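Please keep the sequence and the structure at hand while reading.

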Amino acid sequence: MLAKRIIPCLDVRDGKVVKGVKFRNHEIIGDIVPLAEKYAQAGADELVFYDITASSDGRVVDKSWVSRIAEVIDIPFCVAGGIKTEADARQILMMGADKISINSPALQDPELIARLADHFGQQCVVVGIDSYFNSEANGGAGEYQVYQFTGDETRTQKTTWTTFDWIEKVQSLGAGEIVLNCMNQDGVRQGYDLAQLSQARAVCQVPLIASGGAGVIEHFTEVFKQADVDGALAASVFHKGVIAMDQLKQSLRDQNIEIRPC
Amino acid sequence: MANTVSQNSNVIVDTGCANLSSVKFAVERLGFKALITDDLETIKGADKVILPGVGNAKHAMANIVKKDLVVTLQQLEQPVLGFCLGMQLMAQSSSESSLSDQNEIINCLNVIPTEVLPLEADGLRLPHMGWNTLTTVTDHPVFAGIEPGEYFYFVHSFAAPVSEYTVASCQYGSDFSAAIAHNNFIGCQFHPERSGSAGSKIIKNFLEL
């Protein structure tokens, strides 16, 4: 059976892995390549590298580390950050990344998704969505809204898209996978946003990856059982050693969730 | 150039697809060397040939035709290993054309006489993306030491049905070929270069044939 995926996410800035809380106050966690190797050996199913400043700074990710990662790890990995053109994507894929993930550039130019899918295949085009629950919107009923430029506090801004409309739109353009980052939960380890992810699941026919909020093993159990996501992404719980990969995977297997053993 | 090829040389055919360097790195992690090339003589003279591929069958075959590689690849007598789309290109034909003309059939290399058809996922989400287990494994030297139940990394929406050429199978909505072989050609639908230690074992078995 197809296994659910556990995906450590490494936020990258200036060649270092960093982690902030609610997208802010980044602290350095360590060097990219040894961390990537450590997670691959520990039993991660896939890795995601986000250059969190790239789109905001108007520059492309520093790419030299992509091929250094491809050299050492034998699991798939995805690179995100500032990929605005087919040429940007080609360069990163040629260096050995398996997928590219686009976020703010897709909001500015949605057709980019279609062009990338046509050139490189739907399977390697991931769309990242930063979604914030605005409780005052929609006449006080609350609404999930899509944000862009979340890597830079001074430029972070709300778009005109609601999250579920944008999920449908990116699929129609050829997105092969969606990573839904629930900003209210990011880095605070209070659990994934199960309500939002369940709603997203209902409109998402391609693989859906949950992001934001993992704090304890039970959060992973819940998100697979209740929101039926294909993968769960997390950062701080792995970087800080709060959750060990082997314990996590064994617990999920004990709960009869299909998981590749370490 | 042909005169740069030493004995026991391995080549990775430059199909113009994007995962060439990950395949090369996977070979190098095992302590072997491999040259990425589209030179006809170098490919003919190699000891082992790897045919990688990601993306769309129509575009990939068009690249192979443009590089004049078709006859050379078809006539290879040394062991040839295809990865993912590389496996699909070994088939007779693929129905993966383009979004604009979904009824077009793409003629492939026809070194393994089977077809590549849309994966019958029985309502499951596509692409079939992630780690899945092999359901059957036959006795093939490239699969030595690989057992049913082992996980490999798959990313695809098309597949070869189970047939007499199937050497390993997988299930996602329906059974399909996880690997097919005929004569000196073998292809894996999954990505051995991204399948952890089990994938490395496949590559090592092949390079040690």
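This is a predicted model: local features need pLDDT of at least 70, side-chain atom pairs count only at pLDDT 80 or more; totals for chains, interfaces and linings use all residues.

**The nine-stranded sheet of chain B**

- In chain B, nine strands make up an open sheet whose order is E2-E1-E3-E4-E13-E12-E11-E8-E9, and the pairing within this sheet is mixed.
- Its edges are formed by strand E2 (35-37) and strand E9 (151-156) of chain B, each of which pairs on one side only.
- From one strand to the next, the twist of this sheet averages 30°.
- Strand E1 (residues 10-13) of chain B runs parallel to E2(B), and three bridges join the two; B:Val11 has B:Leu35 of E2(B) as its bridge partner.

**Helices lying across this sheet**

- Helix H1 (residues 20-29) of chain B lies across E1, E2, strand E3 (48-51) and strand E4 (80-83) of chain B, and it runs at about 160° to E1(B).
- Helix H6 (residues 196-207) of chain B lies across E1, E3, E4, E9 and strand E13 (185-188) of chain B, and its direction is at about 90° to E9(B).

**The four-stranded sheet of chain B**

- Another open sheet in chain B has four strands in the order E6-E5-E7-E10, again with mixed pairing.
- Strand E6 (106-107) and strand E10 (158-159) of chain B are at the edges and have a single partner strand each, so one side of each is left without a neighbour in the sheet.
- Strand E7 (residues 112-118) of chain B pairs with E10(B) in the antiparallel sense over two bridges, and B:Ala159 in E10(B) is the bridge partner of B:Leu117.

- Two packed helices are described by the angle between their axes and the distance between the axes.
- Helix H3 (residues 64-72) of chain A packs with H1(B) at an angle of about 45°, and their axes are 8 Å apart.
- H3(A) and H1(B) are therefore oblique to each other, and H3(A) passes H1(B) in a right-handed crossing.
- The contact is made on one side by A:Ser67, A:Ala70 and A:Glu71 of H3(A), and on the other by B:Ser21, B:Ser22 and B:Phe25 of H1(B).

Technical notes:
Residues are numbered from 1 along each chain as its sequence is written. Chains are lettered from A and ligands numbered from 1 in the order in which they are written. Two strands pair if DSSP finds at least two bridges between them. Axes are lines fitted to C-alpha atoms, for helices over the stretch in contact, and angles run from 0 to 180 degrees between N-to-C directions. Two residues are in contact if their C-beta atoms, placed from the backbone, lie within 7 Å. Angles under 35 degrees count as roughly parallel, over 145 as roughly antiparallel, 65 to 115 as roughly perpendicular and the rest as oblique. A crossing is left-handed if the near helix is turned anticlockwise from the far one by less than a right angle, and right-handed if clockwise.
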